[in-house]
Amino acid sequence: MTSEKEISYIPKIIVAIDGFSSSGKSTMARELAKRVGYIYIDSGAMYRAVTLFAMNHGLIAGDGNVSKEELIRALPSLDIKFQPSAGEDGIQHTLLNGKDVEQEIRSMGVSHNVSPIAEIPEVRQRLVEIQQEFGKDKGIVMDGRDIGTTVFPEAELKIFVNAGVHERARRRWRELVQKGTDINFEDVLRNLEARDKIDTTREVSPLRKAPDAVELNNDAITHEEQMEWLLKIFQERTENL
């Protein structure tokens, strides 16, 4: 496996990792950034933060309808930032208007509502602007659903991650159970199927593989094999710059 020492001194590029929900892209992106000394940006957490704001302010009705105009008016007041964990979890935490909302945005309630929020063109436009600002100095790894196609179409390295929906649901269900959430596997599966449909069919920035992205199906490989593959590609892209 490529060692951290071998990739200690590298030029700064933008790494865009896109893929379906619960495909493991965030874990890949977070670890790659740590290994190569880059900044990690979880774009999905930004959409979740906006969703949490909408839920907390009564902008999502019981039937799922969103008060779009009110949310759009509130967008300029939303400050979304990231900071390293001060504890032992080692996870970068999401701040919404100065409050750590990392745990809240990972709830199933947010998961059920995030795709309709992410469909709103004005929401996507605002968050893309923020994401592009994060990348102005390069040296970042960002994961999401439209990073290589919309946010950073010029990214030097693009990865598209995929896995079967049942495998992704199993991973997500296990993660929630380990955190103490009482959740049925079938509910998680239905949520992912619904999110896949919305993500791939929305009019603005649908989830799709960029033409120059390298695809990884991680259904049947270990985490170590996945990271070895990713680090090798990263090194190949940066060694001649």
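This is a predicted model: local features need pLDDT of at least 70, side-chain atom pairs count only at pLDDT 80 or more; totals for chains, interfaces and linings use all residues.
1. A word on conventions first: local features need pLDDT of at least 70, side-chain atom pairs count only at pLDDT 80 or more, and totals for chains, interfaces and linings use all residues. Residues are numbered from 1 along each chain as its sequence is written, and side-chain values use heavy atoms, without hydrogens and water.

2. The open sheet has five strands in the order S2-S6-S1-S7-S8, with parallel pairing (strands are DSSP E runs of at least two residues, helices H or I runs of at least four, numbered from the N terminus; two strands pair if DSSP finds at least two bridges between them). Its edges are S2 (39-42) and S8 (214-217), each pairing on one side only.

3. Asp42 has Asp143 of S6 as its bridge partner. Helix H2 (residues 43-56) packs on the sheet here, touching S2 and S6, and its direction makes about 40° with that of S2 (axes are lines fitted to C-alpha atoms, for helices over the stretch in contact; angles run from 0 to 180 degrees between N-to-C directions; contact means heavy atoms within 4.5 Å).

4. Now to H1 (residues 25-36): Lys25, Met28, Ala29, Leu32, Ala33, Arg35 and Val36 are buried (under 20% relative accessible area, 1.4 Å probe, protein chains only). They lie on the same side of H1 because they cover an arc of only 165° around the axis, taken from the directions from the helix axis to the C-beta atoms.

5. The buried residues of H1 pack against S1, S2, S6, S7, S8 and helix H9 (223-238). Just after H1, Gly37 takes a positive phi of about 75°.

Key: Buried means under 20% relative accessible area, exposed over 50%, partly exposed in between (1.4 Å probe, protein chains only).
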